[in-house]
Amino acid sequence: ESSRIAVPIGTTLDRFIKNNQDQFAYASGELSQLLRDIALASKVVNREVNKAGLIDIMGAVGSQNLAGDDQQKLDVLANIRFTRALTKGGEASALVSEELDTFVDLNNDGKYVIAIDPLDGSSNIDVNVSIGTIFSIYRRKSPVGTPIQEEDILQPGSEQVAAGYVLYGSSTMLVYTTGHGVNGFTYEPTLGEYFLSHPDMRMPVDGKIYSVNEGSANSFSAPMKAYIQYCKDQRYTARYIGSLVADFHRNLLKGGIYIYPATAKDPKGKLRLIYECNALAFIAEQAGGAATNGHERILDLTPATLHQRTAFYVGSLNMVEKAGELESAS
Ligand code: AHG
Ligand code: MN
Ligand code: MN
Ligand code: MN
């Protein structure tokens with residue numbers, strides 16, 4: 001009896017998407033196809049993440065991406081897996097990726113634009129700490145069948161039709177929203193399927209965990225220093241994994257705030273608006289949380305460039321509001 005696989009109660013990702021098709025404003029099979037393509041790529045990346053160390057995919061490739069990050073082998077490998085899966089699926093007209101200098105045309109007849117951070121938390125790959133993938137799905141603005149325009153690529157986060165992340169952690173999870181709440185699926189590798197494990201996820205409106213790299217505290221703004229002091233006075237717990245997806249996911253479940261503020265090294269913040277912040281901001285709001293740059297709602301920001309950075313305050317509603325009060329009081 002104990003040898004039976006404890007298949008989690010709950011529907012598979014495929015069946016869930018089909019059962020909730022009406023939620024997606026556009027044609028029936030398209031979202032399913034896009035999410036299936038992304039889920040497939042995540043299964044391939046998950047297998048490689050779990051073997052890192054045994055096969056030669058650790059370490060850097062010796063090149064930098066446009067954001068100036070040293071590209072890790074798994075950054076490049078994950079980028080290839082997601083690009084290939086989205087190309088084969090045919091629904092995506094263009095792809096924006098952290099690991100590509102400019103957007104790539106995939107299929108002019110596709111109706112969607114995907115923005116992706118194929119591997120988030122790369123500094124943690126070689127030390128066996130959780131990493132992730134972040135994705136946003138937009139509807140293209142220009143006519144299907146014509147070449148992709150900049151207006152298709154530089155859309156504000158409020159235009160997302162779906163967004164999600166994959167967390168390659170103690171278990172691998174896929175969490176996504178189509179604007180009707182947030183649902184979490186856990187991967188059962190022996191079956192190769194994602195099963196619904198966290199239906200209708202809600203971010204606690206308050207929390208006692210703050211996630212910030214205090215190594216940069218000397219260069220924090222006065223309001224940011226005041227907020228960190230406030231967290232200490234409240235006896236909050238400090239948790240900082242160095243993988244945005246992992247820090248975000250813990251705060252989504254337990255309540256908390258993640259902040260990557262402006263620092264001397266990154267005066268506009270380090271995180272990238274189009275393929276990191278927008279997706280998590282959409283998920284946070286859909287789960288009852290909030291996401292700002294300290295002053296404005298992340299989803300209201302219209303990007304001017306592909307790899308544009310922003311300060312990022314995301315998490316429990318009351319905590320993001322408190323940090324914002326101190327910022328606006330400054
Ligand atoms: P990526 O690996 O996709 O470049 O993202 C890394 C990001 C984010 O995952 C993490 O929270 C943050 O960088 C860590 O930055 P610091 O090491 O500067 O704290
Ligand atoms: Mn990077
Ligand atoms: Mn990232
Ligand atoms: Mn990355």
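Modeller: Apart from its neighbours within four places in sequence, Ser 142 is in contact (heavy atoms within 4.5 Å) with Pro 147, Gln 149, Glu 151 and Asp 152. With Asp 152, the side chain of Ser 142 makes a polar contact of 2.5 Å; a polar contact is a pair of N or O atoms within 3.5 Å, where within protein one must be able to donate a hydrogen and the other to accept it, and residues adjacent in sequence count only if both atoms are side-chain atoms. Ser 142 sits in the loop between strand E6 (131–139) and helix H4 (150–153). Helices (H or I, at least four residues) and strands (E, at least two) are DSSP runs numbered from the N terminus. Ser 142 is buried, with a relative accessible area of 4%, where buried means under 20%, exposed over 50% and partly exposed in between (1.4 Å probe, protein chains only).

This is a predicted model, in which local features need pLDDT of at least 70 and side-chain atom pairs count only at pLDDT 80 or more, while totals for chains, interfaces and linings use all residues. Residues are numbered from 1 along each chain as its sequence is written, chains are lettered from A and ligands numbered from 1 in the order in which they are written, and side-chain values use heavy atoms, with hydrogens and water left out.

The metal ions come next. Donors are N, O and S atoms within 2.8 Å of the metal (3.2 Å for Na, K and Ca), and sites may look incomplete because water is not among the atoms. Asp 69 is partly exposed at 24% relative accessible area, whereas Glu 98 is buried at 3%. The side chain of Glu 98 also has a polar contact of 3.1 Å with that of Asn 65.

The manganese ion (ligand 3) is 5.4 Å from the manganese ion (ligand 2). Its donors are Asp 117 (OD), Asp 120 (OD) and Glu 276 (OE), at 1.9 to 2.1 Å. Asp 120 lies in strand E5 and Glu 276 in helix H7 (residues 273–286), so this pair ties together parts that are 156 residues apart in sequence. Asp 120 is buried, with a relative accessible area of 4%, and Glu 276 is buried, with 2%.

The UniProt record (an unreviewed entry) lists Glu 98, Asp 117 and Leu 119 under "binding site"; such annotations may be inferred rather than shown by experiment. These residues are spread over 22 residues of sequence, yet they cluster in space, with a largest C-alpha distance of 8.7 Å. Leu 119 lies in strand E5 (residues 112–120) and is buried, with a relative accessible area of 1%. Beyond its neighbours within four places in sequence, the contacts of Leu 119 include Glu 98, Val 45 and Ile 131. Glu 98, in turn, touches residues including Asp 117, Tyr 275 and His 307.
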